[in-house]
Amino acid sequence: MTKALPAHAQAVIIGGGAIGCSLAYHLAALGWQDVVLLERKRLTSGTTWHAAGLIGQLRSGQNMTKLAKYSAEFFARLKDETGQPIGYKRNGSLSLACHHERLEELRRGASMARVFGLEVEDVSVDEIVSLYPLIDPAGLVGGIFLPGDGQLNPADVTHAMAKGARARGARLFENVKVTGIMQADGKVTGVRTDDGDIAANVVVNCAGMWGREIGLMAGVDVPLHACEHFYVVTEPIADLPASLPVLREPDNAVYYKEDAGKLLIGAFEPVAKPWGMEGISDDFEFDELPEDLDHFAPLLENAMARIPALATTGIRTFFNGPESFTPDNRYYLGPAPGLAGFYIACGFNSIGVQSSGGVGWALAEWIDKGHAPMDLWDVDPRRSLHFQNNPRYLHDRATEALGLLYAMHWPYRQVETARGVRHSPLHERLADRGACFGEAAGWERPNWYDPEATSAPQYAYSFGRQNWFHLAAAEHRAVRENVAMFDLSSFAKFRVEGADAENLLQLVSANDVAVEPGRVVYTQWLNDRGGIEADVTITRLHETSFMVVTAASSATRDRDWLQRHIPTDGRVSIIDSSGGEAVLAVMGPKARQLLQPLTTADLSARAFSFGSAKEIDLGYGHCRAQRISYVGELGWELYIPTEFARGIFDVITAAGDDLGLRMAGYHAFDSCRIEKGFRHFGHDISEEDNTVEAGLGFAVKTDKRASKFGDFIGREAVLRQRQQACQPKRLVQFLLNDPEPLLYHNEPIRRDGQIVGYLTSGNYGHSLGGAVGLGYVSCSDGVDADWLNSGDWQIEIALQHFSASASLRPLFDPTGKRMRS
């Protein structure tokens, strides 16, 4: 193969594994005639060649499942198109449960699969034995079978995609190492290689476990770390059926795959072995890592107990090879923040080959059209934060990340490694009051409190009522009936400053932010299709100074969105002030009664209206008090310079003793907001949902004065959406009529027995007396109150159906009178 590199290309893809070859194929299929792929050694020689080749379709959400389904269908036609055998067979997959909590997890997944149109079967122990006669069923309680899953040969499918890419004009070069990323004025301009430079306006990092290294060349964070991944291949087993399904036994961390008359047995052990801490050798190519039988032996013993024939079957191959894992077990797919034209597709956590078809299609569409073909926030690189690229952090988290693939996916499960990264200035105060901390964006945040605890509270996980349920219920009732205080210091906060600060924010905001100083505006940022890119509050501090507040997890995404829309002549700067202010939210009917004696400011409804922001004295300091609420009650968010936070906290808590002030955590915060029907970005609203469907039209001002930079982004799309005769999709609130079941998210919504949507979020409504969920429902004739009221509504949980009430208006305080009182 020639190494005469071109001087320029439309797109340069770095990495010749399954992901890079799929992207080259799909870009070329879209008509891109000048695509170049560069592989440092030979195609598949990094991690693709030794992948297990399992093809599963059910993922954690709708769009991830859509991509997995696309992969399965794409692989089914690839051999016929290219003439390249790929060893693909759809023999199904069988997942086993050794206890009833695991069976509930599997059944909840099966319910979700029905939403996404996947064929799924709930199978008994006897049916499991029929599907997989080799197993000993001792200890099993049931399982789930997906007939459409399968397996293939990873190297063969990669070469087939490469062949298809070349046939469409893409050029693939082996033995070319990328040594640098060229850029100018915040845009990528090409790559440097050991064989010369290539100019390009699009560069894609598909470098697998080298992805972090390529990211550093570009000044972009790609947090991932390699781990050792083990499997064995047995000697041939007599009369082994070639039709055996892929078998997964997550309770014992083991999977099995029929492999040409042999069994491949692999594992995702709870405590993994990170690899490559000192870097990866330049000559790494089809390399294997040293055997570690002591590490793998307990897993192999589990396998022999489940499949007794293994005890008398020899091992032909003991394999150990590296694969890359991300801190949250989700891959990176999409544009890199801060560098236009640079895209990322790596960190696949052992599902790269099976994801490659859908990932290549989605990213090709994204690059070609300028936006994602669907909401891909779950895997968007802009969810990561700079600290996560710290090598020690990545090493320590990697020990846990691999095992999480087969661990129980408990509701509210918290990671255990690489903790204690970011703290509120009030952390010790909260710990003294019995806080149980969870982790979000590196922040240690109080999720719930046990005021009677004598040691640090811990989760006892379950799909039912966990050990903190009654404590969060008490916090919830304090918010509704008395007064509670939340530490919300983890909010991401950006100061937007300069002569064009208002113009920039008017350009990106659907609501009108041209307000007087001292007003708080709730708004969405829209894309040109009217989809919701961000959900924020903006406080005007002064004529040329604003504060944007968003969720901690959206910090990188939202700042990048702002930064990308600053015109070249824009006189504006964006400053991250997240760590500069603590935030205390004092919420409840007695919030005013608690705070008024502590300040000389007038907190009456007349003097301090809803949506106002004022600097007030409190204790021995000053803070900015903002009268807004995400829990639907009277209250103030107090933005306090960090050095004053402890003193003000102490003053409030001392005064609160007589009123019964209760500290409250994020679980109560969420249960209050969902009762009120408030939307949560990333769950209830996303870039493929518009404000009309989401019921957020009140926060969109199409008649506001245009910015000097033009009308707000998405205005024309909003006008078109409002003109529709009917709305075929709407966000609806549901309340289960039975007070016992619990909702989390992704549960199917049924109207008159038919699936018409699924829940995007769920929690328990302690004031409403049952589990509450939000979810989109669809009807081609339009979704309105009459249609809702004429239907029989049910929510499916773990294959069981529960009756529910449905409403377009919030079921709790629909007029918002309580928080505006």
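Me: Why are α1 and α5 called roughly parallel to each other?
Reply: This is a predicted model. In it, helix α1 (residues 18-29) and helix α5 (residues 154-167) pack at an angle of about 30°. Angles under 35 degrees count as roughly parallel. α1 and α5 are therefore roughly parallel to each other. Their axes lie 8 Å apart.

Me: Which hand does the crossing of α1 and α5 have?
Reply: The crossing is left-handed.

Me: How do you know which residues of α1 and α5 meet?
Reply: Contact means heavy atoms within 4.5 Å. From α1 come Ala18, Cys21, Ser22, Ala24, Tyr25 and Ala28. They meet Thr158, Met161, Ala162, Gly164 and Ala165 of α5. By class, the contact of α1 with α5 has eight nonpolar, three polar and no charged residues.

Me: Which residues make the contact of α2 with α5, and of what class are they?
Reply: α2 gives Phe74, Phe75, Leu78 and Thr82. α5 gives Val157, Ala160, Met161, Lys163 and Gly164. They divide into six nonpolar, two polar and one charged. The crossing of α2 and α5 is left-handed.

Me: What makes β26 and β29 the edges of their sheet?
Reply: Five strands form an open sheet in the order β26-β27-β28-β25-β29, with antiparallel pairing. β26 (520-526) and β29 (573-576) each have a single partner strand, so one side of each is left without a neighbour in the sheet. Neighbouring strands of this sheet are turned by 30° against each other on average, direction ignored.

Me: How do you know that β26 and β27 pair?
Reply: Two strands pair if there are at least two bridges between them. β26 and strand β27 (residues 532-542) have seven bridges, in the antiparallel sense. One example is valine 521, whose bridge partner in β27 is isoleucine 538.

Me: Which helix lies across β25, β26, β27, β28 and β29?
Reply: Helix α13 (residues 555-564) does. It runs at about 75° to β27.

Me: What makes helix α12 mostly covered?
Reply: Buried means under 20% relative accessible area. In α12 (residues 501-508), eight of eight residues are buried. Among them are Ala501, Glu502, Asn503 and Leu504. Leu505, Gln506, Leu507 and Val508 are buried too. What covers the buried residues of α12 includes β25, β26, β27, β28 and α13.

Me: How do you know that β10 and β11 pair?
Reply: At least two bridges are needed. Strand β10 (residues 187-193) and strand β11 (residues 196-199) are joined by four, and run antiparallel. Glycine 190 has alanine 199 as its bridge partner in β11. The two strands form a hairpin with two residues between them.

Me: Why is leucine 289 called buried?
Reply: The cut-off is under 20% relative accessible area. Leucine 289 has 9%, so it is buried. Its place is in the loop between β17 (274-275) and α7 (293-306).

Me: What is leucine 289 in contact with, leaving aside its neighbours within four places in sequence?
Reply: Leucine 289 is in contact with Glu228, Trp275, Asn320, Gly321 and Pro322. Threonine 702 is 413 residues from leucine 289 along the chain. Their C-alpha atoms are separated by 60 Å.

Me: Is alanine 418 buried or exposed?
Reply: Buried means under 20%. Alanine 418 has 17% relative accessibility, so it counts as buried.

Me: What is said of the phi of alanine 441, and where does this residue lie?
Reply: Alanine 441 has a positive phi of about 55°, and it is not a glycine. It lies in the loop between β22 (435-440) and β23 (443-449).

Me: Why does alanine 441 count as buried?
Reply: Its relative accessibility is 17%. The limit is 20%. Alanine 441 therefore counts as buried.

Note on methods: Residues are numbered from 1 along each chain as its sequence is written. This is a predicted model: local features need pLDDT of at least 70, side-chain atom pairs count only at pLDDT 80 or more; totals for chains, interfaces and linings use all residues. Side-chain values use heavy atoms; hydrogens and water are left out. Axes are lines fitted to C-alpha atoms, for helices over the stretch in contact, and angles run from 0 to 180 degrees between N-to-C directions. Angles under 35 degrees count as roughly parallel, over 145 as roughly antiparallel, 65 to 115 as roughly perpendicular and the rest as oblique. A crossing is left-handed if the near helix is turned anticlockwise from the far one by less than a right angle, and right-handed if clockwise. Ala, Val, Leu, Ile, Met, Phe, Trp, Tyr, Cys and Pro count as nonpolar, Asp, Glu, Lys and Arg as charged, and the others, Gly among them, as polar. Buried means under 20% relative accessible area, exposed over 50%, partly exposed in between (1.4 Å probe, protein chains only).
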